[in-house]
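Reader: Hey, can you walk me through this one? I'm new to reading structures.
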Amino acid sequence: MSDAGVDKAKPSPHKVRKLDPQDAVSSEGDDSKEYDAETQKALEDIDACQNEIDALNEQASEEILKVEQKYNKLRKPFFEKRNDLIQKIPNFWVTAFVNHPQVSALLTEEDEECLHYLTKLEVEEFEDIKSGYRIKFFFDDNPFFENEVIEKEFHLGSSGDPASKSSEIKWKEGMDLTKRNKEITKQGRKRLHEEPRSFFFWFTDNTDASCDDIAEVIKDDMWPNPLQYYLVPDVEVEENGLDDDSDEDEDGVDDSVVVVDEEDELDEDDDEDDEDDDEEGVEVLDDDEDDDLEGEEIYEEGEEAGEEDLDDDDDDDEGA
């Protein structure tokens with residue numbers, strides 16, 4: 001190693017000294033950088049300003065949390081009133097689930113049959129909101145399980161990572177939909193590493209709460225406004241303007257278009273052929289008439305020639 005290399009040791013990144021432009025260019029590839037006093041002062045001021053911004057963001061989060069807590073309490077009686085009204089509509093929740101694009105992808109036929117007994121759904125956020133929430137499903141008496149209420153809870157675990165737990169479902173004999181769905185999956189010859197998907201598999205699966213998209217969909221999309229998914233078919237019809245013109249759309253035929261049967265087309269072609277034949281026949285008759293006229297002219301010329309010959313003979317007789 002040369003002496004120049006030894007003398008050119010890396011300075012401490014916290015040391016401040018004024019650099020020449022040429023020195024700044026030569027040190028661009030270094031992991032640590034040195035700045036002139038003016039730049040260093042500006043960086044320290046920016047860092048102090050950023051700390052103030054972070055403090056305000058934290059304060060805003062706390063105040064937003066208080067606002068959320070306040071309005072959660074204000075919304076609660078309206079959610080309860082809405083649930084009471086929903087219970088007057090048969091199959092409201094199962095219809096909303098089936099119409100939701102993400103939730104419906106999770107439902108099997110047996111899930112749908114069981115969810116016909118779902119009468120009420122509730123989402124409760126914990127008091128501090130940040131720590132988690134729970135989803136409650138209320139069922140009428142049904143042939144599948146004994147529970148009147150089943151719930152799934154999401155919270156921050158001891159490590160600070162999201163975790164979940166769900167209540168045990170007391171299945172009636174032979175009606176465990178998780179086992180029956182596994183049997184259907186095996187019969188369908190799906191690959192072994194593929195987890196069978198169904199509503200009750202989702203409910204009982206607590207392996208990775210951080211990837212539970214269905215819970216987030218129910219909490220943030222389904223629960224705030226389930227009516228929009230219950231009315232999905234009607235809304236689509238109104239938007240497309242199909243209420244008054246449904247009959248025309250079903251037929252798919254415009255009144256201004258005349259539909260011609262194949263037989264009618266053939267009859268018209270035959271009539272046109274007959275007319276062409278008649279015209280050709282008229283032309284043939286015209287040709288025959290022309291031929292007759294020519295024959296009459298030849299005959300008249302022959303008679304005139306014969307009369308001239310007779311006149312010549314009479315003259316010869318008188319001369320004799």
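Author: We'll go through strands, salt bridges, surface patches and a few backbone angles.

Reader: Before that, what kind of model is this?
Author: This is a predicted model.

Reader: OK, strands. How do E1 and E2 run, and how many bridges join them?
Author: E1 and E2 run antiparallel, and seven bridges join them. One example of facing residues: glutamate 125 stands opposite tyrosine 133 in E2.

Reader: What sits between the strands in the hairpin of E1 and E2?
Author: Six residues lie between the strands of that hairpin. Isoleucine 129 takes a positive phi there, near 65°.

Reader: And which strand does E2 pair with over seven bridges in the antiparallel sense?
Author: That is E3, residues 149-156, and E2 itself covers residues 132-139. Arginine 134 has glutamate 153 in E3 as its bridge partner.

Reader: How many bridges join E3 to E4?
Author: Five bridges join E3 to E4, and the two strands run antiparallel. E4 spans residues 162-166. Glutamate 153 turns up again here, standing opposite lysine 165 in E4.

Reader: What about the hairpin of E3 and E4, which residue takes a positive phi?
Author: Glycine 160 does, with phi near 90°. That hairpin has five residues between the strands.

Reader: New topic. How many salt bridges does the structure hold?
Author: It holds 10 salt bridges. Side chains of opposite charge can pair when their charged atoms come close.

Reader: Which residue does arginine 134 meet in a salt bridge?
Author: Arginine 134 meets glutamate 124, at 3.3 Å from N to O. Arginine 134 lies in strand E2 and glutamate 124 in strand E1, so the pair ties together parts that are 10 residues apart in sequence.

Reader: How accessible are arginine 134 and glutamate 124?
Author: Arginine 134 is partly exposed, with a relative accessible area of 21%. Glutamate 124 is partly exposed too, at 28%.

Reader: Which residues are linked in a network of salt bridges?
Author: The network links Glu124, Arg134, Lys136, Glu151 and Glu153.

Reader: Is lysine 120 buried or exposed?
Author: Lysine 120 counts as buried, because its relative accessibility is 19% and buried means under 20%. Glutamate 122 counts as buried as well, at 19%.

Reader: What about aspartate 45, which residue does it form a salt bridge with?
Author: Aspartate 45 pairs with lysine 41, the closest N and O atoms being 3.0 Å apart.

Reader: Why are aspartate 45 and lysine 41 separated by about one helical turn?
Author: Because they are four residues apart in helix H3. Aspartate 45 is partly exposed, at 39% relative accessibility. Lysine 41 is partly exposed, at 47%.

Reader: Let's stay on the surface. Which residues gather in a patch of negative charge?
Author: Asp54, Glu58, Glu62 and Glu63 do. Glutamate 58 lies in helix H3, which covers residues 37-86. Glutamate 58 is exposed, with a relative accessible area of 51%.

Reader: Which residues form a nonpolar patch?
Author: Val67, Tyr71 and Leu74 form one on the surface. Together they have about 270 Å² of accessible area. Valine 67 is found in helix H3, and at 42% relative accessibility it counts as partly exposed.

Reader: Back to angles. What is the phi of asparagine 91?
Author: It is near 60°, a positive value in a residue other than glycine. Most residues other than glycine have a negative phi.

Reader: Where does asparagine 91 lie?
Author: Asparagine 91 lies in the loop between H3 and helix H4. At 34% relative accessibility, asparagine 91 counts as partly exposed.

Reader: Last one. How far apart are the C-alpha atoms of leucine 227 and alanine 96?
Author: They are separated by 7.4 Å, though the two residues are 131 residues apart along the chain. Leucine 227 lies in helix H10, residues 227-230. Leucine 227 counts as partly exposed, at 44% relative accessibility.

Key. Residues are numbered from 1 along each chain as its sequence is written. This is a predicted model: local features need pLDDT of at least 70, side-chain atom pairs count only at pLDDT 80 or more; totals for chains, interfaces and linings use all residues. Side-chain values use heavy atoms; hydrogens and water are left out. Patches are made of residues with over 30% relative accessible area and no salt bridge: like charges are joined within 9 Å, nonpolar side chains (Val, Leu, Ile, Met, Phe, Trp, Tyr) within 5 Å. Accessible areas come from the Shrake-Rupley method with a 1.4 Å probe; for residues, only the protein chains shown count as cover. A salt bridge is a side-chain nitrogen of Lys or Arg within 4 Å of a carboxyl oxygen of Asp or Glu. Lys and Arg count as positive and Asp and Glu as negative; His and the chain ends are not counted. The place of a charge is taken as NZ of Lys, CZ of Arg, CG of Asp or CD of Glu. Buried means under 20% relative accessible area, exposed over 50%, partly exposed in between (1.4 Å probe, protein chains only). Two strands pair if DSSP finds at least two bridges between them.
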